[in-house]
Structure formats: C-alpha cells, structure tokens
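Subject: Structure handover and findings

Dear colleague,

Please find below the structure that I would like to hand over to you. A description of the findings comes after it.

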Amino acid sequence: MASAWLKNPKVRFMAKVSASLLVPAIPIGGWYYKAIGDRKAKQKEVRSRVRVPNVQSIDDLMIEKCQPGDVVLFDRRCHNCAAGPIAAFACIVGKSFLCNEKGSGGNNKLVDIGTFEHAGIVVPGYNENSTKAEKLDPSNLYLLEATASEGIVARPLLTRLEMSQSRTVLLLPLTSPGERRNDENYDASLKTQRLKRHLQKSLLKFRDTWVAESQKQGYASGHSTLGIIGAFGYVMGLHKVNSAPVSPSAWLVVSALQEAGVGMFLSERTAMECKVDGFLRDHRFHDGEDVVRLRPGWSFNSPVVMRETSRSN
C-alpha cells in the first residue's frame with residue numbers, strides 16, 4: 001500500500017518540489033537567525049553602554065556637525081539585514097545595479113570608500129508638544145528614512161548612528177546660499193537665518209506627513225519589493241516609465257529637499273529617477289541624469305565620514 005502511494009507520480013512530483021524548496025531554505029533560515037541575533041546583540045550593546053556625564057563620545061561629536069537638511073549615506077552590509085531575506089536581496093540588487101564600484105566622485109577620494117545604496121535626511125526632532133528647550137537644542141535631530149522594517153520612519157540621529165552596522169556612514173552637509181559652515185567665525189546673515197527656519201519648518205511638516213502616510217498605507221511591506229523593481233527597471237533602461245522609484249530611499253530624500261525648496265524640481269519624475277549614488281556628484285560640475293540637482297546657491301559641502309569599519313567584513 002505504502003509502495004503504491006510512493007510510486008504515485010503526483011506524490012513524487014510534490015516530494016521533489018518540497019525538497020527543492022527545503023534545501024535553499026535551510027541556509028537562508030540559518031543566515032536570518034544569525035542576522036536577528038546580531039541585531040539583538042547590537043541593541044543590547046547600545047542600551048548597556050556607559051555614558052559619562054559631560055563627556056562626549058565620538059558619535060556625540062559627529063552629531064554636532066549635523067543640521068536639518070543634511071543627507072546621510074550608508075554603505076550597508078547586506079548580510080546583516082535583519083528585516084528579512086527579501087530586504088537583504090533588495091540591498092544586494094541595489095548595490096549591484098545602482099552603485100558605481102569605480103567611485104562616483106571623480107577625483108574626490110572620500111566617495112570611493114564604499115558603495116552607498118541607502119540614504120536618509122536629517123530632520124528636526126521636536127514636535128508641537130516639545131518644550132522650548134527641546135526646540136532650541138541643536139542636537140535634537142532625527143533621521144528620516146525609508147526602511148523595510150518600519151516603513152518611513154524618523155528616529156533619533158544619535159541612536160541610528162550607534163545602531164548602524166554599515167561599513168561606512170557618510171555625511172553630506174547642506175549649505176544655503178552665502179553660508180559658510182566650515183568657518184567658525186561666520187555669523188549667519190538674516191537671509192540665511194530665514195532660509196534655515198523655512199527649511200526646518202518644511203522638513204518638520206514633510207516628516208510628520210510621510211511618517212503618518214507610511215503607517216496608513218502599510219509602506220513597510222512593499223519597500224523591499226519597490227527597491228527590487230526599481231533597480232531591475234533601471235538596469236533594463238525602463239526607469240523613465242517604471243511606476244516604482246529607482247531607489248526608494250533616494251526618492252524620499254530628494255522629495256524632502258524639493259518640498260523644502262532646496263532640490264530642483266525638473267519634472268514629476270525627478271525624485272523617482274534618482275539614485276543614492278547621485279548625491280556623490282556635484283551638480284555644478286557634472287551633467288547627466290545620475291545627479292541630484294539643487295536650486296541655485298544650495299550645495300553640499302565636502303563629505304564627512306561619520307563612521308568607517310573594516311572593508312573585509
């Protein structure tokens with residue numbers, strides 16, 4: 001009876017299909033278990049870190065360099081992605097198809113240290129219920145980004161930096177017309193102060209709008225799929241008609257800059273067709289579509305390495 005059941009063609013076919021699914025599932029499951037374990041270990045490390053009052057860590061010093069509107073780029077380790085196998089695959093596809101391995105910055109060696117396929121934008125950390133002290137605190141900053149785990153989310157910049165397992169984290173300081181951020185003796189003019197206030201107000205509104213919309217639409221469940229579709233569409237030359245953004249994280253950052261009156265709005269698809277790689281090209285000296293363009297007078301200062309670890313890991 002049992003032998004006859006095993007000889008059934010349908011049963012044998014189902015057994016082969018099950019085996020073909022089970023074999024790759026075992027290493028994937030092992031990898032995912034390790035990725036989650038590494039993430040929990042990192043969370044425990046950050047929570048248990050000893051913080052000495054009035055003594056700044058390196059991360060604290062780096063946060064002092066940041067202002068709303070600055071862009072943060074991540075050269076992520078795809079194998080450490082704890083959001084799931086699809087998210088890790090989206091990371092790999094993004095690095096393979098959307099990053100220039102030879103470096104995107106020409107003679108600027110800072111941008112040749114990694115392949116950056118994820119980005120976020122620094123936004124104010126306060127809200128309507130915040131105290132006056134919190135609103136005036138220059139270190140009260142959040143990082144707004146599109147993620148596979150939580151959707152479009154704004155998290156404290158310091159915590160985000162401490163939790164990052166990326167190989168390299170790069171800061172692109174945004175400079176307004178006439179501003180000199182690297183000059184310690186520079187006093188911002190009234191025009192610059194007005195531009196900064198408008199920038200912060202616009203980013204605050206953009207943050208609240210898109211975080212709420214992400215939760216309402218359940219964006220997190222589709223983030224990785226959008227990234228995969230966008231990357232494949234780009235490499236196949238279909239990015240100009242593709243309904244998915246080339247890079248979801250770049251789309252969010254460019255949209256925020258456009259909303260704040262900083263990013264150039266060339267067409268309805270400007271943000272949709274941007275890559276993270278495009279932030280590493282100075283739009284004043286590079287032509288072509290793979291460049292993030294800012295309005296006249298606005299620019300990014302030289303990149304600042306916020307964190308860099310071994311390239312072999």
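Predicted model: local features only at pLDDT ≥ 70, side-chain atom pairs only at ≥ 80, totals over all residues.

Residues are numbered from 1 along each chain as its sequence is written, and side-chain values use heavy atoms, with hydrogens and water left out.

Overall fold

The secondary structure comprises nine helices and eight strands; helices (H or I, at least four residues) and strands (E, at least two) are DSSP runs, numbered from the N terminus. The chain has 313 residues, of which 44% count as buried. Buried means under 20% relative accessible area, exposed over 50%, and partly exposed in between (1.4 Å probe, protein chains only). The chain exposes about 17500 Å², and carbon and sulfur atoms supply 57% of that area; accessible areas come from the Shrake-Rupley method with a 1.4 Å probe. Of the contacts (heavy atoms within 4.5 Å) between residues at least 6 apart in sequence, 72% join residues at least 24 apart.

The sheet

Six strands form an open sheet in the order β4-β3-β2-β1-β5-β8, with antiparallel pairing; two strands pair if DSSP finds at least two bridges between them. At the edges lie β4 (151-156) and β8 (304-308), each of which pairs on one side only. On average, neighbouring strands of this sheet are turned by 25° against each other, direction ignored. Helix α9 packs on the sheet and touches β1 (71-75), β2 (118-124), β3 and β4; its direction makes about 30° with that of β2. Axes are lines fitted to C-alpha atoms, for helices over the stretch in contact, and angles run from 0 to 180 degrees between N-to-C directions. Strand β5 (residues 168-172) runs antiparallel to β8 and is joined to it by four bridges; the bridge partner of T168 in β8 is E308.

Helix α8

The end C-alpha atoms of α8 (residues 220-235) are 24 Å apart, which agrees with the 22 Å that its 16 residues should span at 1.5 Å a residue; the expected span is 1.5 Å times one less than the number of residues. The buried residues of α8 include H223, I228 and Y234, and its buried residues pack against α4 (85-98), β3 (141-147) and α9 (248-259). Just after α8, G237 takes a positive phi of about 75°.

Residue M163

M163 lies in helix α6 (residues 157-163) and counts as buried, at 12% relative accessibility. Leaving aside residues up to four places away in sequence, M163 touches R39, K42, Q43 and V46. The C-alpha atoms of M163 and Q43 are 6.8 Å apart, although 120 residues separate them along the chain.

Aromatic pairs

The structure holds four aromatic pairs. Rings of Phe, Tyr and Trp (its six-membered ring) pair if their centres lie within 6.5 Å; planes under 30 degrees apart count as stacked, over 60 as edge-to-face and the rest as tilted. The pair of F97 and F232 is edge-to-face, because the ring centres are 5.2 Å apart and the planes stand at 70°. This pair links distant parts of the chain, with F97 in helix α4 and F232 in helix α8, 135 residues apart. The pair of F206 and W210 is tilted, with 6.0 Å centre to centre and 40° between the planes. F206, W210 and W251 form one aromatic cluster.

With kind regards
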